Amino acid sequence: MQLLHQVKYLIRKELLLEWRSKYAINGVLLYVVSTIFTCYLSFISLNDKLAWNALFWIIMLFASINGVSKSFLQETKGRQLYSYILASPSAILISKTVYNVLLMLVLTTIALGFYLLVFDTFSPPDLLMYYVAVILGSISFSTVFTMVSAIASKAGNGGMLMAILSFPVIIPVLILLIRLAKNAVDGLPWENSWDDIGMVLVVNVLVVSVSLLLFPYLWRD
Amino acid sequence: MNKTWWKILASVLVVYTAVAGLLLEVPHLAILNETIRNLYFHVPMWFAMIVLFSISVFYSVRSLLSQDRNDDIRAVESVNTGIIFGLLGLLTGAVWAKYTWGQFWSFDPKQNFAAISILLYFAYSVLRNAIDEEQKRAKISAIYNIFAFPMMVVLLFVLPRLQDSLHPGNGGNPGFNSYDLDSNMRLVFYPACLGWILIGYWVYTIRFRIRLLENKQNSIR
């Protein structure tokens with residue numbers, strides 16, 4: 001109960017901070033929109049739907065690295081210390097992860113909408129399944145990158161280390177996600193995708209449980 | 001003697017498999033022909049790599065719990081040795097693929113995932129180099145090692161099962177166990193696996209002792 005209370009309070013704190021500055025959401029949103037626009041300008045003659053699908057996931061990958069990595073990298077040492085005194089490490093990790101999932105959900109939804117608006121050649125026949133893939137993507141990017149950004153922030157020099165550490169870890173999930181999204185683009189029936197959806201969920205459960213086990217060791221300096 | 005018997009066993013086994021693997025009778029099959037002998041040299045590399053990475057996770061867990069410096073050195077040296085075996089596995093596989101599949105790199109899922117899992121451990125080494133302070137380095141790299149291990153398991157054991165591979169035993173290609181009905185190949189294959197695992201462990205212990213000596217020398221000066 002104590003944990004639940006702390007998590008609720010910390011998520012409210014994160015959302016409040018975000019609401020006041022609106023830095024993360026606006027910054028990453030602008031990043032995504034300008035990247036999509038750049039891709040639109042450079043690849044306009046490209047007519048292959050699968051290439052557009054791959055492009056979408058690459059844009060999402062980089063946007064989420066930028067968006068999620070700030071969750072631990074941006075916190076000042078004093079503020080970190082303060083929240084560590086007040087709350088249990090699991091509560092901090094869970095609240096950060098939930099906040100990042102919310103952030104990424106908003107972000108990917110807007111990005112997908114913009115993508116569909118700009119590239120009218122790219123509209124998957126099974127939009128619902130594509131959206132499920134996008135939701136699963138934002139959840140798994142958040143769970144993985146939250147823990148990796150915690151590791152990178154403890155290690156000191158943030159940005160580059162974050163990318164190096166997170167790519168090999170996220171690639172298995174990304175492969176599954178791209179396959180799921182490809183099923184949606186090809187308009188395959190849902191029976192073909194249950195395996196992939198289940199696998200992504202299993203990997204997420206794995207990542208979250210390992211992170212919860214390891215995070216208490218990480219924050220204790 | 002009770003400390004060296006397994007080293008003698010390892011040497012005898014590896015010499016035996018090198019000789020017997022090249023001389024003993026193998027099934028004659030189209031395309032594969034004599035390259036089927038690569039089974040004795042390619043597959044044991046992966047077994048040795050996985051055993052070494054498992055050892056490293058074991059010592060990472062121990063170093064998190066005990067804060068002992070030696071456990072950290074054991075973890076990093078077994079990763080280093082494991083990386084060597086992984087690279088040898090990629091190399092033997094690529095040369096074999098050139099003669100059976102036509103290209104060194106055939107975009108085979110198992111090839112790609114093995115390369116990514118080695119990237120994971122390169123990231124581990126980069127992370128170690130990024131942190132100067134010794135205790136902090138031990139802690140953070142141990143956490144990353146434990147965090148990355150389930151991902152490597154997913155990459156090497158789960159994802160290849162979901163996709164078709166050119167490898168024997170996948171995607172409609174018959175596995176070696178169905179070629180070899182008289183179990184002639186097993187007489188060489190199993191000793192090869194055991195021999196290379198033991199050799200890998202031996203290399204790791206030597207590297208560990210060298211590191212201990214280096215540290216001792218540095219601390220005296």
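A residue is called buried here if 20 or more other C-beta atoms lie within 10 Å of its own, exposed if 12 or fewer do, and partly exposed in between. By that rule, buried residues make up 40% of the 221 residues in chain A of this predicted model.

**Confidence in the model**

For the complex as a whole, the predictor gives an ipTM of 0.86 and a pTM of 0.87. Chain B has a mean pLDDT of 85, and 91% of its residues reach 70 or more. Among the elements of chain B, the highest mean pLDDT, 92, belongs to helix 2 (residues 39-66) of chain B, whereas the lowest, 57, belongs to helix 6 (residues 176-179) of chain B.

**The overall form of chain A**

Chain A is built from eight helices and zero strands, and reading along its sequence therefore gives the pattern α-α-α-α-α-α-α-α. The C-alpha trace of chain A spans about 55 × 35 × 30 Å along its principal axes. Chain A has a radius of gyration of 18 Å, which agrees with the value near 17 Å that a compact globule of 221 residues would have. When the contacts in chain A with a separation of 6 or more are considered, 83% of them are accounted for by residues 24 or more positions apart.

**Two helices that cross in chain A**

Two packed helices are described by the angle between their axes and the distance between the axes. In chain A, the axes of helix 5 (residues 89-118) of chain A and helix 8 of chain A come within 9 Å and cross at roughly 120°, and the crossing is right-handed. On the side of helix 5 of chain A, the residues that take part are A:Pro89, A:Ser90 and A:Leu93, and they meet A:Ser211, A:Leu212, A:Phe215, A:Pro216 and A:Trp219 in helix 8 of chain A. By class, this contact has six nonpolar, two polar and no charged residues.

**Where the two chains touch**

The contact between the chains takes 22 residues from chain A and 22 residues from chain B. On the side of chain A that touches chain B, the elements that give two or more residues are helix 6 (127-155), helix 7 (158-186) and helix 8 (194-219) of chain A. That side of chain A has 18 nonpolar, two polar and two charged residues.

| Residue | Other C-beta atoms within 10 Å | Class |
|---|---|---|
| B:Gly195 | 23 atoms | buried |
| A:Arg179 | 19 atoms | partly exposed |

B:Gly195 is found in helix 7 (residues 186-220) of chain B. Which residues does B:Gly195 contact, leaving aside its neighbours within four places in sequence? They are B:Ala10, B:Leu13, B:Val14 and B:Thr17. The C-alpha atoms of B:Gly195 and B:Val15 are separated by 8.9 Å, although these residues are 180 residues apart along the chain.

A:Arg179 belongs to helix 7 of chain A.

B:Gln67 lies in the loop between helix 2 and helix 3 (69-100) of chain B. Its phi is near 60°, a positive value in a residue other than glycine. Most residues other than glycine have a negative phi.

Terms used:
Residues numbered from 1 in each chain as written. Chains lettered and ligands numbered in written order. Predicted model: local features only at pLDDT ≥ 70, side-chain atom pairs only at ≥ 80, totals over all residues. Contact = placed C-beta atoms within 7 Å. Helix = DSSP H or I, 4+ residues; strand = E, 2+ residues; numbered from the N terminus. Nonpolar A, V, L, I, M, F, W, Y, C, P; charged D, E, K, R; others polar. pLDDT = per-residue confidence, 0-100. Rg over C-alpha atoms; globule rule 2.2 N^0.38 Å. Axes fitted to C-alpha atoms, helices over the stretch in contact; angles between N-to-C directions. Left-handed = near helix turned anticlockwise from the far one by under 90°.
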